[in-house]
Amino acid sequence: MSGELEQILLQLTQPDNAIIQQATAQLKLAFKDPAIIPALCAVMTGSQNPQIRQSAAVMLRMRVKKHWKKISLDHRESLKAVVLQAFQQETEHTVRHSLSQLSAVMVKHETPDRWPALFTLLNQSTKSNNPTDRQVGLLLLSKVVESNPEPFKPHYRQLLQLFGTVLQDLDNPTAMYYCILTLTAMTAYTGTEEMNLMRALIPRLIIALKHLIKADQGQASDAMEVFDELMESEVSIIVPHIAEIVHFCLEVSADTTLTDSLRVKALSCIAFLIRLKSKTVLKQKLLNPILQTVFPVLSAAPPPGEEDPEDEENGDEGDTDNESPKHFAAQVIDTMALHMPPEKLFQQLMPLTQVCLASENPYERKAGLMCMAVLAEGCADHIRTKLLSSMLQTVCQSLSDNNQVVRSAGLFALGQFSEHLQPEVSKYCAELMPLLLGYMSALNQAKIGHITKAFYALENFMENLGSEIEPYLPTLMETMLSALSNAENLKLKELAVSAIGAIANAAKEKLVPYFPPVIESLKGFLTDTRDEMRALQTQALDTLSVLARTIGKDVFSPLAAECVQLGLNLTNAIDDPDLRRCTYSLFSAVSTVSPDCLSPHLTAITTIMLLSLKSTEGVTAHLEEDKTFVLLDDDDDDDAEGDAILDDEGADTVDPDTAGFSVENAYIDEKEDTCDALGEIAFNTGAAFQPFLESSFQELLNVSNETIVKTFILGISQACLKKIIIIKLPSIRPSAMQKLLGVVLPSFLEAVRGERERQVVMGVLEAMNAVLKACQGEALQSPGRLQEISQAIRDVLKKRTVCQDGGGDEADDDEQQAEYDAMLQEFAGEGIPLLASAVPADTFQPHLNELLPLIMNKAVSRPITRPVSGGRACAGKLSNRLLPVLVAGVRDSDSEVRNNSVFGLGALAQAAGPLVAQDYPMMLSLFSNLLSKEQDRRVIDNLCAALCRMIMSHMEGVPLEQVFPALLACLPLKEDMEENKTVYSCLAMLYSQNPVSFLLRIPKLSYVDIKRYDNVGHPETQNTLVMLLRDVAQRHSQKFEGAVRSLPAEQKMKLTAAVSQS
């Protein structure tokens, strides 16, 4: 049979489709013969044609992979012997490679202890004096260990000793390459007993990589994955050698003669190290060397005649496929901003940035602007409070630079500032909007790539302007509507549609005059079925969702049913993940305006949304090479279906040919938005959603535990779980609630302890806080649950979690920290009052005693003063220890510290009430002194709110005759609009208790800020004020009418309409 088989395999290599098809049919027939295994073995060892030998090895591998259990024991033993024999006698590298892959698949089934001849061969070849034999042995070793690392664990020490020798064999780079690949595969399975041996290998590993770079840059790039694996699995192994690794990576990054992929690998490694061990990087004084290397990479000009990818006509700032060294150099600085204290970073970074900005070289100026842009997210507070004016001035100047590359970078920086530096950046509206409108006036003349960046900056800036956008609204909408009607370029229309969404977020009801033409354009786009319209349709859905939320219920409600049907039609007709996610967002938006419109369609809507959560579409399995004959073995047995590869315990194992998985971003985004929309729809439709709660909850749990996308959507899906738990509270059985909590809370705690991404942990903490707030003591019924949550909060406050670099290998006595680390601690601190209010004070007291010193350390540096609001008895016990800290904070020179301390005192008074009555005179005196000299409006707003909290909690302790006029003199609030809720609740309480006395204390009703009744923030706050004014209008009409008479006609009409509604 072997002769016939070799002839068939030879025919498969012929350049004739008819011959290939005939040979394929013959091969499939041959595969049904049980003698196929020995026949393939004979061809693999006896053919004179290396291509045929390789094909036989590939087919044997497929046969072993799919049908190991059907291969007779005699054939298995024979195969084991033949493979090793073939491997020893083979001279062609490609055939050896396929033989090593065949051995790797066999090791999945025949563990090393059941294949002693394999060990003998590995031992002899890897220690041979012949360099080629060592290469071949290490090739085989790398494949079998990578295939199944765990069974080799008893031999790890022996292997590591071997590697110590191989890594010094500098004249044999191929042997070093396979050695490093094996080390990479072993790393995740290394135990504590091997760590010292691995640690000792790091210096030799670096030297070996340097020599490998000279020999084969492609292999060197693959081999550098060992650092990623070490950092991912056992970062403590490399901590003593961080300086050596950083200097090696910097050397590679700076060498422009090396390939981009190798330099990118080195820069990526540096960024990863900074993310995991930023404190060590700072402590070992590595920040300056990194910056000195990264800046030349960031400012390098592209080769003559070329452009940087983001500057090309179709370039995109958000292009995730940009794998250039320059792109990763910016990522290194971005990572620094996210993980290092701003004070330490800016001290060394800003001089380099200033030199770039002053350069004659446009690419150096671009580098300076890109650097400022990527700092905006991680160092937002530092820039807002200390550098915003000067940095904005620099960016504005760049927008008139004579080089478009620089102007584009300036637009990107402005977009980043607008996104991350709110609300302060919006104060520069008068300076920035004319510049941006200037760009918009030349829409049809400029290149679309540059205009895209202008829209990016404009959108991010406009979105947060609020009422400040009104003077610019006519010009903006004229420009956008003109683009929708006249522009031939679909990309320009897409940008204009997106911009209208941003305008709507700011203008809200003021956009009503422009609503009809906008809606007509959107409908036209959404009913056009051409494929080239897909991106425009997706954006149109997104903008339609924004309009539903902002334009006003009365205006949008008539369109709600049509929008739901439109969305269902689109999801039925078009299979596109971006289109689906935007449709789900539209359903979610409609549920806020007209939930009844969704109710008849909830079955259809939840069905398609849950299918999106279940779907594995977009998940790609990356297969090893040599798949030439992958179709030949598909259906060689009628009963092949379901013949899974099983290990000894009968568990499914990963396909040996699968090198890994990737998930397309569009499908990740779809799952994120589906989770978010599902929760909001459930919340808004209420009882109508009850039949779908259980299935929705279960599918969300599955998403949370889905390993392929867990990192991306953990926070989103768990926030949705939170919403569903809150919805289910009124009707759920206690036992079922405990079952849900028993799944959700442990998953939260596991993520807090072990998740590496701080943003994910912040989302989890926020979700956990929401569950605690909704479920109260019910969430803590499980034995030990209170202790576990308290411990998790304590770990975050002590910076001991994985995402805080909490490895315990270095001291952290530095008060300065990255802003995101401070935000993370704030999220954790907000859980303390929720715990305190959920259990009796005596039960929580032991936990509070452990947490209190940590709270006090943070109390005035960040608003972690909320723990004082965790119940009256608890707050009373806190007061003696917190008061001195907060009082000192009120006198601090830093406005943020003063602001947080004033808030803390108000919260303490609100929570403790009469228990701190003896301290009221001191607090009032402190506030009076502060008010006489305070210039910061946010501090004054918080002072007003603190006084109101004191009044509401213990009115008898406040001399209203003196305090109330001083309070009214500071109204309306200017900065911290969230505190309007506190202020107007206090005013409503005082009025309800004694209307006559209240009005006597207000000589002019306008003190209550009736001119701003429709601009006080949250609808609940607005309702409180309207109810107050309505009662005044009914009981004291003369006084009310006198105040209203002084208002402008439009405001007078609005107010009169509001208070006259029943």
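**Cysteines and overall layout**

Trainee: Is C179 buried or exposed?

Mentor: C179 is buried, since its relative accessible area is 1%. Buried means under 20% relative accessible area, exposed means over 50%, and partly exposed lies in between (1.4 Å probe, protein chains only). Please note that this is a predicted model, in which local features need pLDDT of at least 70 and side-chain atom pairs count only at pLDDT 80 or more, while totals for chains, interfaces and linings use all residues. Residues are numbered from 1 along each chain as its sequence is written, and side-chain values use heavy atoms, with hydrogens and water left out.

Trainee: How many disulfides are there in the whole structure?

Mentor: The search finds 0 disulfides, a disulfide being a pair of cysteine sulfur atoms within 2.5 Å. C948, for instance, is in no disulfide, and the nearest cysteine sulfur, that of C986, is 3.8 Å away. C948 counts as buried because its relative accessibility is 0%.

Trainee: And how many helices and strands does the chain have?

Mentor: The chain has 50 helices and 2 strands. Helices (H or I, at least four residues) and strands (E, at least two) are DSSP runs, numbered from the N terminus. Of the chain's 1062 residues, 56% count as buried.

Trainee: Let us turn to helix packing. At what angle do the axes of α23 and α25 cross?

Mentor: The axes of α23 (residues 448-462) and α25 (residues 490-507) cross at roughly 10 degrees and come within 9 Å. That makes α23 roughly parallel to α25. Angles under 35 degrees count as roughly parallel, over 145 as roughly antiparallel, 65 to 115 as roughly perpendicular and the rest as oblique. The axes are lines fitted to C-alpha atoms, for helices over the stretch in contact, and the angles run from 0 to 180 degrees between N-to-C directions.

Trainee: Which residues of α23 and α25 meet?

Mentor: On the α23 side, they include I448, I451, F455 and M462, which meet residues of α25 including L492, L495, A499 and I503. Contact means heavy atoms within 4.5 Å. The residues of this contact of α23 with α25 divide into 11 nonpolar, 2 polar and 2 charged. Here Ala, Val, Leu, Ile, Met, Phe, Trp, Tyr, Cys and Pro count as nonpolar, Asp, Glu, Lys and Arg as charged, and the others, Gly among them, as polar.

Trainee: What follows α25 in the loop to α26?

Mentor: K508 is found in that loop, between α25 and α26 (515-526). Its phi is near 50 degrees, a positive value in a residue other than glycine. K508 is partly exposed, with a relative accessible area of 38%.

Trainee: How many residues of α37 are buried?

Mentor: In α37, 10 of the 13 residues are buried, among them R785, R794 and D795. K799, which follows α37, has a positive phi near 60 degrees.

Trainee: One last topic: which bonds are cis?

Mentor: The peptide bond from Q422 to P423 is cis, with omega near 0 degrees, and P423 lies in the loop between α21 (404-420) and α22 (429-440). A cis peptide bond also joins L971 and P972, with omega about 5 degrees. P972 is in the loop between α45 (960-969) and α46 (980-993). In general, most peptide bonds are trans.
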